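Let's look at one helix and a few aromatic rings together. Keep the sequence and the 3D view open as you read.

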Amino acid sequence: MKVIFNGSIVEEKDLIVNYTQKNFFTGDFVNGFCWFFQNKILFWEDVYFQLMASMRKMRINIPLSFTPEMFEKEIMILSDHLHTSQGRIKLTVFRNQIPENAPDVIIEFLPYKDFYNTKGLELDVYKEIQIFPTLLSALYIYHPVNIVAEQYAYENELQELILLNQDKRIARSIFGNLFLIQDNLIVSNSTQEGAYLSVLKKNFITFLREKTEYIYKEENLSPFQTQSAQEIFILSEEHGFIPVKKVRKSNFKNEISHLLSKKFTGYALEVSRK
């Protein structure tokens, strides 16, 4: 697979970065994710500004050349080179060893995955490590709790976990933000509770309010509320729309989640064409 590294197309296997660079040992990088459908980058303006805001919070130098047009042009060049019109895009920005120099940038298309995961996931609540909401906890950066939780999930034959904050309320999952559906009400929590800052979440809420009859509410969530929900899904920048089929002993349907994901995809394309 080819990627773009600092403006040049290279084979991923040939991407050699100095192993002494501290960012690969300390997680000194910022990730951004976006979805590409019918040669359109969905919600590109929001993705770009969130990436720049994350860089500012991480105090990574932002060169004047880092314009939305520059990133968009390189994404389109890479899509043409790979002969693809849809997929998942990952942008990784990591600090240069010389702080005043421009940071390094990798743009890559991740292996193809449908925006909606038809299989659904089995979840459990992870209690060993909590998320303490801070300025950085909501960013797509290196979070040790994610690594440990993924290993715990693997050891216990689970695909995902619900992560809690210091007050033992729901923060998020490993991959994204949780949404609970009950009748015509859809509930999620805030970044103050430990949720990710999410372009998809922001636009999904707008979609719910403008294009559906569902009522969206933001509130603190107890893990016990998952047991009484009608449906549960995860909205992930990297993995898309993920229905939850089981949390502990409770099973869930996904008809509403599936319908909403299809309508949201249509809405995203419509907005991105404007």
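Buried means under 20% relative accessible area, exposed means over 50%, and partly exposed lies in between (1.4 Å probe, protein chains only). This is a predicted model, in which local features need pLDDT of at least 70, side-chain atom pairs count only at pLDDT 80 or more, and totals for chains, interfaces and linings use all residues. Residues are numbered from 1 along each chain as its sequence is written, and side-chain values use heavy atoms, leaving out hydrogens and water.

**Helix α3**
- Helices (H or I, at least four residues) and strands (E, at least two) are DSSP runs, numbered from the N terminus.
- F71, E74, I75, L78 and S79 are the buried residues of α3.
- They sit on the same side of α3, because they cover an arc of only 135 degrees around the axis, judged by the directions from the helix axis to the C-beta atoms.
- An α-helix has 3.6 residues a turn, so residues three or four places apart point the same way.
- Exposed on the other side of α3 are E69, K73 and D80.
- Just after α3, H83 has a positive phi of about 55 degrees.

**Aromatic pairs**
- Rings of Phe, Tyr and Trp (its six-membered ring) pair if their centres lie within 6.5 Å; planes under 30 degrees apart count as stacked, over 60 as edge-to-face and the rest as tilted.
- There are 26 aromatic pairs in the structure.
- F66 and F71 form an edge-to-face pair, because their ring planes are at 80 degrees, with the centres 5.3 Å apart.
- F71 counts as buried at 1% relative accessibility.
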